[in-house]
Amino acid sequence: MDLNGLIWTKNVKPLNGESWAYPDYRIPTIHPGLKIFALHWRNLRGRDKINAKTPEEGELIILRQRGKVTHIVQMLNNQLYPDKNPEDEFNIYRLVQVVWMTDNWDNPPENDKVFVCPIHFPAFGKAIKLEKIRAFREYWSTQELTFKQHVQSVLNIH
């Protein structure tokens, strides 16, 4: 699998008392084998529209929650969609397709196992370009394997 577009990470959080955001049993299967869903952004007073529009079609985002990596998703287009309830805290979204998802919801991979270097990720739900994270950039610039090769190995992506 080509992970060349893997340049983002984003923290997500479950809502309404759920254990996980976007678990496999909650993602609709529009076409057999395709898992496409609406990836939401917090957007209080319209402050996060620019961030939500920034990842481009085809780029990949590692989704993190509760200190774990649960998904890698691909941006399907460049369209930003309003949610049906504009008063909701998470009222904008982008369409994404699952490229990889944990198969062990009892114990998804730890952030440290995937990113290796110690990174203090902010809890907000903005997309962060990996190259903008200093610790990430410094660590992965000195390694023999690329980060993408490491992710393929650790997550067993073929």
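How many nonpolar, polar and charged residues does the lining of the largest pocket have? Hold that question for a moment. A word on the source comes first: this is a predicted model.

Let me start with the whole protein. It has four helices and seven strands. From the N terminus on, the order of elements is β-β-α-β-β-β-β-α-β-α-α. The C-alpha atoms fill a box of roughly 45 × 35 × 30 Å along the principal axes. For 158 residues, a compact globule would have a radius of gyration near 15 Å. The protein has 15 Å, so the two agree. Of the 158 residues, 44% count as buried. Now the contacts with a separation of 6 or more. Residues 24 or more positions apart account for 65% of them.

Next, the pockets. Rolling a probe the size of a water molecule over the atoms shows where empty space is left. The largest pocket holds about 560 Å³ of space. Its lining has 25 residues. Nearest its centre lie Lys13, Leu15, Ala21, Tyr22 and His40. Two elements give two or more residues to this lining: β1, residues 6–11, and β2, residues 36–41. Which of the elements gives the most? That is β2, with three residues.

Back to my opening question. By class, the lining of the largest pocket has 13 nonpolar, four polar and eight charged residues.

The second largest pocket has about 160 Å³ of space. Look for Leu6, Ile7, Lys129, Leu130, Glu131, Phe136, Trp140, Thr146, Phe147 and Lys148 in its lining. At least two lining residues come from each of β1, α3 (134–140) and α4 (147–154). The class count here is six nonpolar, one polar and three charged.

Now three single residues. Take Asn91 to begin with. Where is Asn91 found? Look in the loop between β5 (81–82) and β6 (92–101). Is Asn91 buried or exposed? Its relative accessible area is 10%, and buried means under 20%, so Asn91 is buried. Its side chain joins that of Asn43 through a polar contact of 3.1 Å. Setting aside residues up to four places away in sequence, Asn91 touches Trp41, Asn43, Tyr81, Pro82, Asp83, Asn85 and Pro86.

Keep Trp41 in view. The next residue, Asn51, is in helix α1, residues 49–53. Asn51 has a relative accessible area of 16% and is buried. Its side chain makes a polar contact of 2.8 Å with the side chain of Trp41. Beyond its neighbours within four places in sequence, Asn51 is in contact with Trp41, Lys126 and Ala127.

That brings us to Ala127. Ala127 lies in strand β7, residues 127–129. With a relative accessible area of 7%, Ala127 is buried. What is Ala127 in contact with, leaving aside neighbours within four places in sequence? The list is Trp8, Thr9, Lys10, Trp41, Asn51 and Pro55. One distance to note here. Ala127 and Ile7 are 120 residues apart along the chain. Their C-alpha atoms are separated by 9.9 Å.

Asn51 makes a side-chain polar contact with Trp41. Ala127 is in contact with Trp41 too. Then turn to Ile7, which lines the second largest pocket.

Definitions and conventions. Residues numbered from 1 in each chain as written. Predicted model: local features only at pLDDT ≥ 70, side-chain atom pairs only at ≥ 80, totals over all residues. Heavy atoms only, no water. 1 Å grid on protein atoms, 1.4 Å probe; cavity = no way out; pocket = protein on both sides within 12 Å on 5 of 7 lines; lining within 4 Å. Points joined across faces, edges and corners; volume = space filled by probe spheres on them. Nonpolar A, V, L, I, M, F, W, Y, C, P; charged D, E, K, R; others polar. Buried < 20%, exposed > 50% of the residue type's maximum accessible area, 1.4 Å probe, protein only. Polar contact = N/O pair within 3.5 Å; in protein donor to acceptor, adjacent residues only side chain to side chain. Contact = heavy atoms within 4.5 Å. Rg over C-alpha atoms; globule rule 2.2 N^0.38 Å.
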